[in-house]
Amino acid sequence: MSRNYITEVNDINIGPLQLESGATIPSVSLRYERVGPVGAPVVLICHALTGNHVTIGNNEEPGWWSGLIGHRLAIDTTKYQVITFNVLGGCNGSTGPLSINPNNNRPYGKNFPNITIRDIVHAQYLALKRLQVDEVFAVVGGSLGGMQVLEWGLLYSNIVNRLIALAVTPTLSDYGIAYNYISEQSIISDPAWNNGDYNSPSEIRGLEIARMIGMVTYRSAELFHERFGRAESSDGFSVTSYLKYQGEKLASRFDPNSYLTLLQAMNSHDIGRDRGGWKEACKKYTCPILAISYEYDLIYDPNSIAEFASHTPNATYHHVSTKFGHDGFLTEFEKWSWMVQQFLES
């Protein structure tokens, strides 16, 4: 690859970070993936709840959005320099509950401070400054990532040119908060959680249950029926085997305290907080926005996304017909990637 083309995964330290709560994290580091030509317009990707910074990956280990972003794809890494940070509070290299607290040289664990979506975005902004990125051509993300996109457009409108918000509403609904609460209770009620002082994340069966809850809400009843149709396997119904597999898979790679931290950050999502309500906040967007909803999305109601777009200047709204529900933003790219490409090139 040419020396004028960047492909790297690295860490960037941004120093201390004061949070919305008033607390300060004394030292914050974010892990990132950066791919694309040197000097090309920067596209910032924001990942969802259990995602990470590996958006593109490589041939051996493709990233979670490798079908959307890459060479000659909708977000073309021959045209754009794509940067993704593992979120503040995450467990894939960025400062979070697994990190060492410099005040006592022990992992933060349950004592990691509460953070908001705005805190996550402030950390990313400081990291971009350290990377000498002064302008962002577009910010793109879905779900938790979409929450970050919406905040980017309000907190740092002076450096952002376009926003692409997928499967996200201007506030997290009561329905979403309710499911987050059930997931939270499944983790903290697990005896092995030990008030957050567990020995190993994989011991927390409650995290597996939380993941199962998520998988049911992320997809549609139609897709479950089509996929499983009450088929049985050696240890029960195929659908229950699928959920068990998904739960165990997440528990093997994700930290329960990080999961709880990010659930609480999602609960804080309200672009109208301290801005006169979300409809007033919509008027403050100054750059073009592409908002996309997905059919059967239980948590991020398409009607709410359409209403958000109707109150926002320069907003373009599209609805995608899919049986994947909320997970539509992670699959079936042929149905909607053209919208992203067209919006970036317009």
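The model is predicted. The largest pocket holds about 880 Å³ of space, while the largest cavity holds about 30 Å³.

**Residue H53**

- H53 sits in a loop, with β3 (42–46) on one side and β4 (69–70) on the other.
- Its relative accessibility is 7%. Buried means under 20%, so H53 counts as buried.

**Residue R273**

- R273 also has a loop position, between α7 (256–267) and α8 (278–282).
- R273 counts as partly exposed because its relative accessibility is 24%.
- Leaving aside neighbours within four places in sequence, R273 is in contact with E20, T116, R118 and S268.
- With E20 there is also a polar contact: the two side chains are joined at 2.9 Å.
- T7 is 266 residues from R273 along the chain, and the C-alpha atoms of the two are separated by 38 Å.

**Helix α4**

- Helix α4 runs over residues 205–218.
- Its 14 residues should span 20 Å at 1.5 Å a residue, and the end C-alpha atoms are 20 Å apart, so the two values agree.
- The buried residues are G206, L207, E208, A210, R211, I213, G214, M215, T217 and Y218.
- These buried residues pack against four helices: α3 (174–188), α5 (221–228), α6 (238–251) and α7.

**Helix α6**

- Helix α6 has 14 residues. From first C-alpha to last, α6 reaches 20 Å, close to the 20 Å expected at 1.5 Å a residue.
- Which residues of α6 are buried? They are Y242, L243, Q246, G247, L250 and A251.
- These residues lie on the same side of α6, because they cover an arc of only 160° around the axis.
- The cover over the buried residues of α6 includes α4, α5 and α7.

**The cavity**

- The structure has one cavity of 30 Å³ or more.
- About 30 Å³ of space lies in the largest cavity.
- Its lining is made up of R219, L223, F224, R227, F228 and Y242.
- Helix α5 provides the largest share of that lining, with four residues.
- Y242 is one of the lining residues, and Y242 is also among the buried residues of α6.

**The largest pocket**

- The largest pocket has about 880 Å³ of space. It is lined by 42 residues.
- Closest to the centre of the pocket are T50, R211, Y218, D327 and L330.
- Elements giving two or more residues to the lining are α3, α4, α6 and α7.

Key
Residues numbered from 1 in each chain as written. Predicted model: local features only at pLDDT ≥ 70, side-chain atom pairs only at ≥ 80, totals over all residues. Heavy atoms only, no water. Buried < 20%, exposed > 50% of the residue type's maximum accessible area, 1.4 Å probe, protein only. Contact = heavy atoms within 4.5 Å. Polar contact = N/O pair within 3.5 Å; in protein donor to acceptor, adjacent residues only side chain to side chain. Expected span 1.5 Å × (residues − 1). Arc of directions from axis to C-beta. 1 Å grid on protein atoms, 1.4 Å probe; cavity = no way out; pocket = protein on both sides within 12 Å on 5 of 7 lines; lining within 4 Å. Points joined across faces, edges and corners; volume = space filled by probe spheres on them.
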